[in-house]
Amino acid sequence: MSETAVAGGGSYKWLVLLNVMLTTFMAVLDSTVVNTGLPVIMGTLGASMNSAEWILTGYMLSMATILPAAGWLSDRFGYKRIFVFSLVVFTVGSFMCGNSTAIGELVFWRIIQGVGGGLLMPVGMAVVTTVFPVEQRGMALGFWAIASAASVSFGPLIGGYLVDNLNWNYIFFVNIPIGIFSIIYTLIVQREYKTGVSKKFDIPGFITSAIFLPVFLYGLSEVTSSTNTKGWSSPLVLGCMWVAVVSFVLFLYTELTVKNPMINLKIFKDHNFSLANLIVFIFGIGMFGSTFLIPLYMQDSLGYSAYQTGLFFLPVGFLQAVASPMAGNMTRWVNPKIVIMTGLILLCSSFYMNYSFSFLTDKWYIMVSLYLRGVGLGILYPPLLNVSFRQIGNRQMAQASSVTNIVRQIGGSFGVAMFSHLLTQRQTYHTERYHEAIAYTGQTYSNTVDGLARFFASNGGLGHSESVSYAKEYILEHVDMEAYISGINDVFYVAFVITILAIIPMFFLKTK
């Protein structure tokens with residue numbers, strides 16, 4: 001089948017897009033839902049935090065391992081076959097995760113599930129870009145982004161409801177009916193597409209990438225592990241980084257010298273593809289790396305529940321869902337640089353607003369910052385992907401989409417590790433600074449303690465000594481909370497600076 005013949009006509013391309021959107025929603029939903037149910041899983045299975053972290057880490061590592069092979073598998077066996085295979089693996093993995101009775105068993109099936117999820121995203125993106133003609137890809141990718149936006153919005157709500165009203169097993173069981181429906185739908189509706197390229201599997205390239213990506217991401221996850229007190233200077237972290245560097249160099253050498261590389265690095269000769277992936281990496285650090293901060297701030301500092309926090313995020317996905325197809329379609333008449341720049345400015349504005357958080361921040365202020373982020377993400381991503389893939393032929397589309405997903409995941413993982421470590425450091429710094437600023441032997445401190453003690457005594461029925469002790473403890477807790485919020489503000493400022501740097505490579509994109 002030729003590259004021009006693959007583009008679908010009439011309703012076919014929209015039927016395929018609908019299916020890919022559904023499976024993308026399922027894959028992304030699983031991550032957000034699991035995050036919500038993690039504390040309950042730990043309590044039910046009697047797992048420590050160190051063990052429970054592998055529920056998330058194992059899934060991430062298996063996805064990273066299989067991602068580079070997605071292009072070759074799709075080219076060798078066909079997009080439809082690999083798409084169905086990934087759905088089967090993901091659905092079976094979800095079923096077994098829900099039936100797990102021990103933490104080790106759950107982690108094992110999460111790894112299997114990650115193999116399916118690691119194939120779903122790049123193959124699904126490649127399918128969308130092959131069935132739509134070039135002039136409609138921006139709009140199609142905008143609709144595809146709706147699925148990811150919807151899962152981000154509904155994930156915390158669905159997870160909270162299932163955990164509160166049923167049990168944690170259903171956060172995995174919810175994938176089963178969607179997976180079965182998508183398998184049947186794909187078998188009936190989707191046509192097979194093969195590039196016609198028959199080449200040997202690049203075993204050295206797969207081995208070196210399978211070492212580099214998991215070891216690198218594992219090292220990042222260990223930076224903020226509860227068992228690691230040395231941060232980046234930990235021997236385990238340093239060892240992982242050295243192994244990752246060596247394996248990455250070997251991977252580059254292999255892919256540039258073998259006859260049939262697993263990932264054809266020559267696609268980076270494409271000017272726009274290289275610059276767009278650099279933007280994706282920077283954007284991944286700032287955006288995905290800071291995503292965990294607002295729930296922490298709202299729950300730990302403002303006292304919101306996980307379900308209430310999820311309600312704040314609900315409109316974000318809707319805004320992104322509306323903005324994505326509009327932005328993708330707009331690039332047919334407006335220079336994509338203008339659209340991408342608008343999205344970056346909105347994202348940076350959101351981070352800058354978050355830089356001003358306090359324990360008195362109003363609800364509307366948080367909501368506006370989240371809504372700016374949703375619209376900015378919706379405007380930015382579809383046209384950026386469209387520009388990135390514009391000169392990439394259908395024969396290389398699976399590899400190109402795999403590379404983009406890998407770059408985004410590495411950027412987000414690096415951001416999470418970096419920002420978690422930075423948050424700990426800045427919180428410690430502000431705690432020490434605030435305690436130094438308080439004159440514990442001064443008259444102002446004594447008057448404050450006396451006033452609080454009288455208040456607690458009159459309203460809480462406490463004795464004098466108990467009221468004084470409680471007043472001092474209350475002041476210490478307030479200082480610690482202020483230090484925590486100040487640390488979060490510092491991290492958001494760093495996210496703002498990093499994200500605004502993405503404007504630099506954007507100016508060098510070649511667009512019309």
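Ser-209 is in contact (heavy atoms within 4.5 Å) with Pro-68, Pro-214, Phe-251 and Met-262, leaving aside residues up to four places away in sequence. The structure is a predicted model, in which local features need pLDDT of at least 70 and side-chain atom pairs count only at pLDDT 80 or more, while totals for chains, interfaces and linings use all residues. Residues are numbered from 1 along each chain as its sequence is written, and side-chain values use heavy atoms, with hydrogens and water left out.

Ser-209 lies in helix H9; helices (H or I, at least four residues) are DSSP runs numbered from the N terminus. With a relative accessible area of 2%, Ser-209 is buried, where buried means under 20%, exposed over 50% and partly exposed in between (1.4 Å probe, protein chains only). Its side chain reaches the backbone oxygen of Phe-206 at 2.9 Å.

Rings of Phe, Tyr and Trp (its six-membered ring) form an aromatic pair if their centres lie within 6.5 Å; planes under 30 degrees apart count as stacked, over 60 as edge-to-face and the rest as tilted. The count by this rule is 16 aromatic pairs. One of them, Phe-212 with Phe-248, is tilted, at 4.8 Å centre to centre and 40 degrees between the planes. Because Phe-212 belongs to helix H9 (residues 203–223) and Phe-248 to helix H10 (residues 235–257), this pair ties together parts 36 residues apart in sequence. Phe-212 is buried at 15% relative accessible area, whereas Phe-248 is partly exposed at 33%.

A further pair, Phe-357 and Tyr-365, is edge-to-face, with 6.5 Å centre to centre and 70 degrees between the planes. Both residues, Phe-357 and Tyr-365, are buried.

Note on methods
Helix = DSSP H or I, 4+ residues; strand = E, 2+ residues; numbered from the N terminus. Polar contact = N/O pair within 3.5 Å; in protein donor to acceptor, adjacent residues only side chain to side chain.
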